Amino acid sequence: MTTSLPLGVDRSAGTPLAAQITAQLRESVTSGVLRAGERLPSTRDLAAALGVSRTVVTSAYAQLFAEGWLEGRHGSGSYVADVAPGAPADPPPPAPSGLASFSTASAGPGDGGLIELAAGVPWAEGIDPAMWRRAWRHAGARPPSPFPDLYGLPSLRAELARYLRRSRGLAVTPDQVLITRGVSNGLSAVAAALIRPGDRVGIEEPGYQGGLEVLRRAGADIVPCRVDANGVVPGELPSDLRLLYTTPAHQYPLGGRLPVARRQALIAWARAAGAVIVEDDYDGEFRYDVAPLPALFSMDPSAVVYLGTTSKILTPVFGAGWVVASPALVASLAECRRQVSERVPEPVQYALLSMLASGDLERHIRKMRLEYARRRAALMALPGLRGDSAGLHVVLELPAGRPAAGFAAEAAARGVGVTPADRYFCGEPTLNAVVLGYGATPLAQVRRAAGALRPLLPP
């Protein structure tokens with residue numbers, strides 16, 4: 001039975017019609033008006049009912065499918081995905097000492113009974129056990145090869161090329177894909193192939209300290225490159241950099257999304273400087289309210305190396321990722337791997353192949369996108385948030401006179417662990433903020449943490 005929807009469009013509003021429909025459908029699911037398994041009207045019927053073109057409704061449905069709110073059943077239409085609406089947050093009970101509401105029994109993961117809002121950690125408990133068992137049964141049924149393929153399993157590289165075409169719009173071939181153990185391992189391979197000791201290498205400031213350490217160990221002369229609310233600033237990049245490591249889809253940790261004009265300017269800079277851009281797409285699977293921009297790699301595969309990982313999709317302990325580059329560079333990376341006997345365990349590769357080929361991985365991503373969206377929503381009432389359009393964390397800017405370290409201590413006294421943004425800077429911090437991760441923290445605990453942090457912030 002098709003659900004009747006209380007929808008409308010306002011042509012005088014500044015919001016596109018498709019975005020209006022998307023927002024209303026999303027709200028209908030989260031509020032419980034639409035429930036899992038209910039069938040939506042066809043795009044033709046809904047377009048006629050709203051008096052809009054079918055293209056508008058098709059665009060709205062496509063966005064909701066991409067976000068995981070809807071699912072399709074062959075030959076029978078579009079249905080609401082199996083997503084339970086979030087229950088309203090309960091305010092924490094009064095606690096004169098600031099600690100009574102956060103006993104160890106009610107706390108989330110972490111030491112000392114804290115609800116740890118750790119950035120960059122996914123919810124491993126969200127992995128479907130049946131999916132996990134299927135993947136490893138598939139891996140266990142494959143006999144070991146006599147010697148590891150330096151590039152990675154050909155079948156996995158082909159499947160990843162198809163996945164990247166679907167999920168990122170990257171028109172890549174298997175010979176452009178190298179299997180790695182994750183982003184740091186991929187970056188280390190790129191550094192070994194391209195960087196000589198003393199080469200000047202740019203890294204975002206603030207930025208990912210793991211990437212900084214990899215490049216530093218490769219002997220690079222590290223050059224911090226300023227970022228603002230939109231990401232790295234191309235006009236300020238030195239012309240003598242050999243390489244720039246950047247996170248354009250969701251700048252780590254500030255959360256900016258590099259706009260199209262800057263992407264074009266960044267590619268132009270790389271061409272003029274003869275530099276290589278290393279694009280770390282560490283959590284691009286998880287976007288909220290906005291569609292992803294095309295990867296930098298798609299703009300110029302000769303100037304960009306693309307890094308991906310399963311660390312945020314599944315768990316860091318899985319240990320699988322990929323480098324996408326020109327075939328010539330991929331061959332150089334494989335040769336560097338041969339020289340040091342570097343390899344990615346075959347069982348891990350076969351397990352990932354199983355999840356990709358069966359569609360299990362993309363179903364898991366859709367499920368987790370909704371789960372993380374609910375956790376993110378629990379933090380959105382806090383003032384001063386930025387970087388909330390994607391990923392597994394947000395940044396909470398603090399008012400002047402409230403140093404991040406002091407705020408973190410006050411938060412800990414109320415049972416919540418947060419991370420001062422200072423630790424993401426190479427030099428003197430220029431932002432007074434803390435980072436709040438919500439990936440590994442259960443929804444109820446995220447809500448409790450938000451309630452505990454709210455009194456520490458201005459009205």
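Me: In which strand is E279 found?
Reply: The model is predicted, and the assignment refers to its coordinates. Residues 276-280 form a strand, and E279 is found in it. That strand is β9.

Me: Does E279 count as buried or exposed?
Reply: The relative accessibility of E279 is 3%. Buried means under 20% relative accessible area. E279 therefore counts as buried.

Me: Which residues have the most contacts inside the largest nonpolar core?
Reply: In soluble globular proteins, nonpolar side chains tend to be buried together. The largest nonpolar core here has 93 residues. Another core, of 27 residues, lies apart from it and includes V183, A191, Y245 and A334. Inside the largest core, the residues with the most contacts are V418, L436 and L453.

Me: Which residues does L436 touch, not counting residues up to four places away in sequence?
Reply: L436 is one of the residues with the most contacts inside the largest nonpolar core. Not counting residues up to four places away in sequence, L436 touches L117, L379, L382, L385, L392, H393, V394, L396, V418 and L453.

Me: How are helices α11 and α13 oriented to each other, roughly parallel or roughly antiparallel?
Reply: The axes of α11 (residues 360-379) and α13 (residues 443-453) come within 8 Å and cross at roughly 15 degrees. Angles under 35 degrees count as roughly parallel. The two helices, α11 and α13, are therefore roughly parallel.

Me: What is the handedness of the crossing of α11 and α13, and how many nonpolar, polar and charged residues has their contact?
Reply: The crossing in which α11 passes α13 is right-handed. From α11 the contact is made by E371, R374, R375, A378 and L379, and from α13 by L443, V446, R447 and A450. By class, this contact has 5 nonpolar, no polar and 4 charged residues.

Me: Which residues does Q20 touch, not counting residues up to four places away in sequence?
Reply: Q20 lies in helix α1, residues 17-30. At 11% relative accessibility, Q20 counts as buried. Not counting residues up to four places away in sequence, Q20 touches G8, V9, D10, A13 and T15.

Me: Which residues is N185 in contact with, leaving aside its neighbours within four places in sequence?
Reply: Helix α6, residues 183-194, holds N185. N185 counts as buried, at 14% relative accessibility. Once neighbours within four places in sequence are left aside, the contacts of N185 are T180, R337 and E342.

Me: Where does P206 lie?
Reply: Most peptide bonds are trans. E205 and P206, however, are joined by a cis peptide bond with omega of about 0 degrees. P206 lies in the loop between β5 (200-205) and α7 (209-217).

Me: What is the omega of the peptide bond from Y252 to P253?
Reply: P253 lies in the loop between β8 (243-246) and α8 (260-273). The bond from Y252 to P253 is cis, and its omega is near 10 degrees.

Me: What is the phi of S341?
Reply: S341 is found in the loop between α9 (327-339) and α10 (346-358). S341 is partly exposed, with a relative accessible area of 47%. Although S341 is not a glycine, its phi is positive, at about 55 degrees.

How values were computed:
Residues are numbered from 1 along each chain as its sequence is written. This is a predicted model: local features need pLDDT of at least 70, side-chain atom pairs count only at pLDDT 80 or more; totals for chains, interfaces and linings use all residues. Side-chain values use heavy atoms; hydrogens and water are left out. A nonpolar core is a set of buried Ala, Val, Leu, Ile, Met, Phe, Trp, Tyr and Cys residues joined through side-chain atoms within 4.5 Å. Buried means under 20% relative accessible area, exposed over 50%, partly exposed in between (1.4 Å probe, protein chains only). Contact means heavy atoms within 4.5 Å. Axes are lines fitted to C-alpha atoms, for helices over the stretch in contact, and angles run from 0 to 180 degrees between N-to-C directions. Helices (H or I, at least four residues) and strands (E, at least two) are DSSP runs, numbered from the N terminus. Angles under 35 degrees count as roughly parallel, over 145 as roughly antiparallel, 65 to 115 as roughly perpendicular and the rest as oblique. A crossing is left-handed if the near helix is turned anticlockwise from the far one by less than a right angle, and right-handed if clockwise. Ala, Val, Leu, Ile, Met, Phe, Trp, Tyr, Cys and Pro count as nonpolar, Asp, Glu, Lys and Arg as charged, and the others, Gly among them, as polar.
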